[in-house]
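Welcome, and please open your viewer with the chain in cartoon view. We will go from stop to stop, selecting residues as we move.

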Amino acid sequence: MFTVITIDGPSGSGKGTIARRLAAHYGYHLLDSGSLYRLVALKAIELGLAEDAPELVEIARNLDCHFTKSGAILIDGKPASSELRTEQTGAVASKIAAREDVRAALLQRQRDFAVAPGLIADGRDMGTVVFPEASVKIFLDASAEERARRRYKQLIENGFDANLNSLINEIAARDDRDRNRAVAPLVPAEDAEVIDSSNLSVDEVEKIIRRRIDAIQQ
Ligand code: C5P
């Protein structure tokens, strides 16, 4: 038996940080599903392929990637390039992620992460499409301004240049695409607990979610 916990939400809602903390706390595996779409985007950029190139399906199907316990990502056995985390890569990823064929190519490999003792899966459609039977589903949200501020801080801390105003616009455009696409749009699952983290610290959010997880494990 194993437990699957899904954490969905828009960019900058804090789900990555929370997912890593929960995985470390419970000793569970971690699936950062956004990085799969980002890795396909990086390959597309590297090979000069457009977002609608048919080759991207095979690329998605054959991605050789692995997540370490600390949250690092290995691609073809080597640490992923820091470009993976830029807003530009995120924008290309969200265009590619609107494709049904690419999503289908990534579906089973995401499900393969669900092994004992458990999985913390973060993304946009973890609770709605990939793990509809998950034991606990969280939808983590925050105001667009707060999310842009968090992304700004994260990018600066990781040594990237960033401009708060352009980030607000880029995040709004990406959200809009993710929420309004025809396939697996960003919406809370019907049985998800929605948490607005705009005025909550990471510790507070973690505490709320841990209470939920601990309750089902009694
Ligand atoms: O979470 P992250 O910002 O890394 O995701 C990058 C993009 O990948 C998102 O904007 C979204 O379009 C796409 N994505 C998705 N489904 C997921 C995870 C990410 O469509 N489960």
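Start by selecting aspartate 76, which counts as partly exposed because its relative accessibility is 41%. Aspartate 76 sits in the loop between E4 and strand E5 (78-79), where helices (H or I, at least four residues) and strands (E, at least two) are DSSP runs numbered from the N terminus. Its phi is near 50°, a positive value in a residue other than glycine.

A word on the model: it is predicted, so local features need pLDDT of at least 70 and side-chain atom pairs count only at pLDDT 80 or more, while totals for chains, interfaces and linings use all residues. Residues are numbered from 1 along each chain as its sequence is written, and side-chain values use heavy atoms, with hydrogens and water left out. Colour by pLDDT, the predictor's confidence in each residue from 0 to 100: the protein averages 93, and 100% of the residues score at least 70. Among the elements, E3 has the lowest mean (83) and H6 the highest (98).

Next, select alanine 184, in the loop between helix H8 (164-180) and E8. Its phi is also positive, near 45°, and at 12% relative accessibility alanine 184 counts as buried. Most residues other than glycine have a negative phi, and most peptide bonds are trans.

Now for the interior. A nonpolar core is a set of buried Ala, Val, Leu, Ile, Met, Phe, Trp, Tyr and Cys residues joined through side-chain atoms within 4.5 Å. Which members of the largest core touch the most others? Of its 35 residues, they are Leu31, Leu56, Ile96, Leu119 and Phe131. H2 gives the most to this core, with seven residues. Show the contacts (heavy atoms within 4.5 Å) of leucine 119: beyond four places in sequence, its partners include Val4, Tyr28, Leu31 and Phe131.

Finish at glutamate 193 in strand E8 (residues 193-196), partly exposed at 23% relative accessibility. Its C-alpha atom is 6.0 Å from that of phenylalanine 139, 54 residues apart along the chain. Leaving aside neighbours within four places in sequence, glutamate 193 is in contact with Lys137, Ile138, Phe139, Ile208 and Arg212.

Conventions: Buried means under 20% relative accessible area, exposed over 50%, partly exposed in between (1.4 Å probe, protein chains only).
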